[in-house]
Every structure is written in structure tokens, then in C-alpha cells.
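Please look over the model below before reading on. The briefing takes up helix packing, salt bridges and backbone angles in turn.

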Amino acid sequence: MTESHIIYMDNAATTPVRQEVVDAMIPYMRENFGNPSSLYDIAKINREAVALARSRVARALNAEDKEIYFTSCGTESDNWAIKGTAFANRDKGKHIITSAIEHHAVLYTCQWLEKQGFEVTYLPVDEFGMVNPKDVEAAIRPDTVLITIMFANNEIGTIQPIAEIGKIAREHNVLFHTDAVQAAGHVPIDVKAMNIDMLSISGHKFNGPKGTGVLYIGKRVKLDSLMHGGDQERKRRAGTENVAGIVGIGLALELSVKEMDATTKRLDALRKRLVDGLLTIPKSRLNGHPTKRLPNNVNVIFEYIEGESILLMLNRRGICASTGSACNSASLEPSHVLTACGIPHEVVHGSLRLTLGEMNTQEDVDIVIDAVKDIVQKLRNMSPLTPDELRKY
Amino acid sequence: MDYSEKVMDHFENPRNQGILENPDGIGVEGNPQCGDIMKIYIKVADNRIADVKFQTFGCGAAIASSSMATEMIMGKTLEEAWDLSNKAVAQALDGLPPQKVHCSVLAEDAIHRAINDYRVKQGLEPWEEKPGHKKHCHESQ
């Protein structure tokens with residue numbers, strides 16, 4: 001390892017754009033710069049590029065082209081799906097079902113809707129961060145208009161029983177949205193087989209560009225627009241198309257899905273090595289589900305120490321990671337996901353998330369294991385909470 | 001987290017970190033729910049801090065504040081040590097991010113507890129916090 005070698009293990013935060021995706025995007029910023037809404041020939045190229053990207057996304061999800069809507073990010077997709085459904089179905093009801101571990105793009109949107117007079121049920125999760133489909137069914141009321149449960153969790157990687165929840169939603173004739181920002185391009189998704197009515201995607205989570213998102217909207221779904229203005233996206237999402245970004249997200253998703261089996265196999269092996277190595281540290285544990293989780297997600301807790309300190313020391317060694325500690329958030333609130341899993345606040349502070357990606361090798365994994373072991377010991381030696389038997393000087 | 005080089009230096013190379021055998025005073029402040037807890041040990045000779053050590057569970061700012069505060073009270077009279085403000089600690093660290101200022105209050109409070117622990121053990125009245133003093137962490141959780 002050279003001094004400048006960075007080990008990037010924060011792929012749930014964002015990913016680098018693949019070279020072939022960058023190459024595909026560049027022509028749409030210079031020579032093919034036309035506005036797809038314009039009449040002339042050079043704009044036709046842009047329309048076709050958007051159409052190709054749309055069909056690539058549709059194929060990746062087993063959807064139809066006209067069910068794919070491009071947005072600016074995953075957060076916009078979540079906001080649109082939830083607010084749009086709530087307001088379009090006010091005559092039917094005002095009740096929404098979600099879970100306690102959703103991304104803030106869903107959680108805060110639901111909390112905002114509560115202020116507008118809607119009612120929201122926040123379902124609990126078990127110790128592995130799993131929503132029980134029976135709880136979903138039991139929460140359905142005559143006035144329930146939407147169920148929104150994330151596909152896979154961004155912090156602990158737990159994959160929810162989406163097909164089961166979709167089946168329940170369909171049987172009760174309630175619309176079902178899933179925030180698939182962490183799942184798309186990483187695990188198989190079939191909107192038809194899973195009875196998904198709406199699904200949010202973000203391009204930069206699978207080596208596509210930032211500032212790109214998709215909302216899949218099934219044909220039967222009635223929802224209000226969030227962005228009003230021009231006639232883009234079948235008059236449902238106004239705003240000039242981010243053509244280069246749309247080209248990027250379409251190709252990145254297609255490539256990720258094509259390579260999914262090979263990537264999963266490779267990351268599974270790296271993840272197993274990483275987890276096994278980290279769990280040799282005493283008083284540590286794995287968060288999230290042991291098997292039903294994203295192939296790239298590792299989330300561990302080390303007792304008696306605090307996560308931001310771990311991150312700072314990892315950063316000094318060129319290792320990029322993440323934590324659920326309150327001390328690392330502007331709000332000073334500990335991770336709502338880990339606390340919903342029943343982990344006490346004082347223990348949540350010691351969480352470390354490592355999310356693997358295309359750049360990581362077995363050598364990286366071994367370097368990270370050694371670095372974390374060393375750092376945990378150093379911080380435990382400093383902590384007044386550490387039992388004497390775990391101190392080493 | 002945008003920390004100053006001073007903060008990073010004290011975080012990575014903490015001064016006076018560890019345990020004092022047979023201390024004259026011990027102060028513990030914070031709680032693990034808040035995410036930071038500091039324990040400070042002092043030795044007193046001729047009304048001065050003859051030695052000081054700390055242990056801290058917490059973020060970079062908490063560890064750096066602990067380190068800096070102990071350095072600043074070493075050799076000082078108990079009155080001078082008592083008067084060390086969290087602002088002075090933060091200033092000596094070339095500032096702390098706004099949401100991390102409470103970490104410097106942790107050190108101030110822990111020092112006060114250690115001094116009063118010493119005073120009570122000596123059969124003296126504990127000193128009172130100045131009016132308007134805010135504790136570092138509101139135990140709301």
C-alpha cells in the first residue's frame with residue numbers, strides 16, 4: 001500500500017461512475033446538446049438517447065418503458081411517490097403505512113404529510129431490521145392509500161420481504177411503493193412478480209452519475225405531480241431532461257444487472273472475509289440480517305468506543321467508512337435504524353459501516369481488518385467504559 | 001468532520017491519557033447515551049494540580065478537548081483550574097465545529113467534579129457552579 005492508496009469502503013454512500021458510462025455520457029454534453037423537446041434533427045438524437053435509457057431501465061426491472069420516469073435523485077422519487085399518492089387519493093383515505101427504518105427521504109416525507117393531516121403507521125422491525133409482513137397486513141385500514149417499505153436498508157443492508165408485502169398490498173388493493181435506492185443494480189428486482197406499484201432508484205448507487213433518479217410508476221397508479229411545468233416525462237414530471245445523466249443511469253443500471261451474478265459472488269466472498277475478521281474482536285457484533293442482506297454491506301458494533309473516532313482514525317490511514325453514531329450527525333441523534341433494531345443508544349455509538357464495491361480487493365479487506373483491530377484497541381485503551389480485561393497497553 | 005489540525009493532533013496523540021494510581025480527586029462527566037463520557041484523575045500538592053490523567057469515551061472533539069484541558073490545568077492552582085472555561089479549551093484547539101462545542105463543556109464539567117471530589121475528601125465545602133452554567137449534556141433520552 002502506498003501513502004496515497006485510498007481504500008474506499010463507503011459504496012452505500014456513493015460510487016464512482018464507471019468509465020464506459022462516462023464515455024457514453026460525454027457526447028450528450030457537447031455535440032449532442034440539444035433539448036429533447038425541440039423539433040430539429042440534433043434534438044432527435046437526444047430524444048432517442050432518452051428513449052434507449054428508458055427501455056434499459058424498464059428491462060432491468062421487468063417494467064414497460066412508459067412506466068419509467070426520470071427524476072433528479074432517489075429523494076425526489078421517494079417524495080414524488082409518497083406525496084403524489086397521498087394527495088391524489090385524498091378522497092379514498094389519509095392513511096399511510098411505512099417502517100421505522102426507512103431512509104429519511106421517506107421518513108421525513110411521511111412526517112411532513114402528518115402535519116398536512118395524513119396519518120402514518122411506522123411499523124417496527126425485529127432485531128435484524130426485518131419488517132414482518134403480518135404486521136403490514138394488520139396495519140391496513142379501510143382508509144389506507146399507500147404502503148411504503150424500503151427494498152433494502154442503507155445502514156444494515158437487510159433485504160425486506162418485498163414480494164410478500166407486495167402480495168398483501170395487491171390483495172387489499174392498496175398501492176405499494178418501495179425505496180429501492182440501495183437494492184437496484186445489486187439484487188434482482190421484478191416489479192411485476194413482486195407486485196410493486198412504485199419504485200425509487202438513484203443512479204449514483206450503482207456506478208452511475210449523481211443527480212439522476214428513476215421512479216417506476218405502474219400503469220394502475222394514480223398520483224399527483226411534484227414538479228409542475230413543461231410536458232416532459234409524459235406530462236408527469238416537468239423539467240428539461242438531464243440527457244447525459246439519463247444516458248448514464250440507463251447504461252449503469254443495465255451493466256450492473258448484467259454483471260450482477262458475478263459481482264455478488266465476488267462481494268459475498270469479500271464480505272464474509274471482512275465480517276469473520278472483524279468479529280474476532282471481542283465484544284463486537286454484526287448488525288442486520290445474517291443472510292438476507294445486500295452482498296456489499298457490513299455493519300458491526302464495537303462496545304465501549306464511539307464511531308466518529310473510529311472513522312477519523314481510519315481516514316488517517318486512507319480508509320473511507322461510515323457510522324451510525326450520533327456524534328457523526330449534525331442532529332446529534334444516533335442511527336434510527338440501529339435503535340429500531342433494539343440496540344441501546346450507548347452501543348449504537350460504536351457502529352461502523354463498511355460497504356464494498358468494485359474497487360475493493362481481498363488485500364484491501366485484510367488491511368481494513370488489521371486497521372480496525374488496531375484502532376478499536378487504541379480507543380478502548382482510552383475509554384473509561386472498557387473493562388480491564390480488554391485493555392492492552 | 002472539519003477539525004483543526006490542533007484537534008487532530010490532540011485526538012491522535014492525546015496528552016495525559018490514562019489512569020492515575022491513588023488520585024486525590026476523580027471526576028466523571030457525561031453519559032454513554034449522549035455519546036461521550038470523560039473521567040479525570042487529579043493529584044494535588046500545595047493547592048496545585050500536581051498531576052492529571054483522563055479517560056474519554058467519545059468523538060474526536062471529546063478526546064481532543066479532554067487532552068487539551070488536562071494540559072491547560074497541569075501545574076495550575078485549584079482556583080485557576082476551576083476557572084478554565086470550555087471556551088478557552090475550544091479556543092486553544094483553534095475552534096470546534098458548532099455542533100461539537102458541547103464536547104469542550106464535558107472537560108470543564110469533569111474538572112469541576114474532580115476538584116470538588118478532592119475538596120469533599122479534604123473535608124472542605126464543594127464549590128458551586130457559576131449561575132447560568134449549562135451542563136454539557138441534557139439527559140433527555
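The points below are grouped by topic.

This is a predicted model, in which local features need pLDDT of at least 70, side-chain atom pairs count only at pLDDT 80 or more, and totals for chains, interfaces and linings use all residues. Residues are numbered from 1 along each chain as its sequence is written, chains are lettered from A in the order in which they are written, and side-chain values use heavy atoms, with hydrogens and water left out.

**Helix packing in chain A**

- Two packed helices are described by the angle between their axes and the distance between the axes.
- Helix 3 (residues 74-88) and helix 4 (residues 104-115) of chain A have axes that come within 9 Å and cross at roughly 30 degrees. That makes helix 3 of chain A roughly parallel to helix 4 of chain A.
- Angles under 35 degrees count as roughly parallel, over 145 as roughly antiparallel, 65 to 115 as roughly perpendicular and the rest as oblique.
- Axes are lines fitted to C-alpha atoms, for helices over the stretch in contact, and angles run from 0 to 180 degrees between N-to-C directions.
- Helices (H or I, at least four residues) and strands (E, at least two) are DSSP runs, numbered from the N terminus.
- The crossing of helix 3 and helix 4 of chain A is right-handed (near helix turned clockwise from the far one by less than a right angle).
- Helix 3 of chain A brings A:Thr75, A:Asp78, A:Asn79, A:Ile82, A:Lys83, A:Ala86 and A:Phe87 to the contact (heavy atoms within 4.5 Å), where they meet A:Ala105, A:Val106, A:Thr109, A:Cys110, A:Trp112 and A:Leu113 of helix 4 of chain A.

**Salt bridges**

- The count over all chains is 29 salt bridges (a side-chain nitrogen of Lys or Arg within 4 Å of a carboxyl oxygen of Asp or Glu).
- A:Lys219 and A:Glu64 form a salt bridge, with the closest N and O atoms 2.8 Å apart. The pair links distant parts of the chain, 155 residues apart: A:Lys219 is in the loop between strand 8 (213-217) and helix 7 (232-235) of chain A, and A:Glu64 is in the loop between helix 2 (41-61) and strand 2 (68-71) of chain A.
- A:Lys219 is exposed at 54% relative accessible area, while A:Glu64 is partly exposed at 30%. Buried means under 20%, exposed over 50%, partly exposed in between (1.4 Å probe, protein chains only).
- A:Glu119 and A:Arg141 meet in a salt bridge of 2.6 Å, N to O. A:Glu119 lies in strand 4 (residues 119-123) of chain A and A:Arg141 in the loop between helix 5 (133-139) and strand 5 (144-148) of chain A, so the pair ties together parts 22 residues apart in sequence.
- A:Lys272 and A:Asp276 meet in a salt bridge of 3.0 Å, N to O. They are 4 residues apart in helix 9 (residues 260-278) of chain A, about one helical turn. A:Lys272 is exposed at 55%, and A:Asp276 is partly exposed at 41%.
- Salt bridges that share partners join A:Lys94, A:Glu119, A:Arg141 and A:Asp143 into one network.

- A:Glu233 is not a glycine, yet its phi is positive, near 50 degrees. A:Glu233 sits in helix 7 of chain A and is buried at 6% relative accessibility.
- B:Asp46, also not a glycine, has a positive phi of about 50 degrees. B:Asp46 lies in the loop between strand 2 (36-45) and strand 3 (48-57) of chain B and is exposed at 78%.
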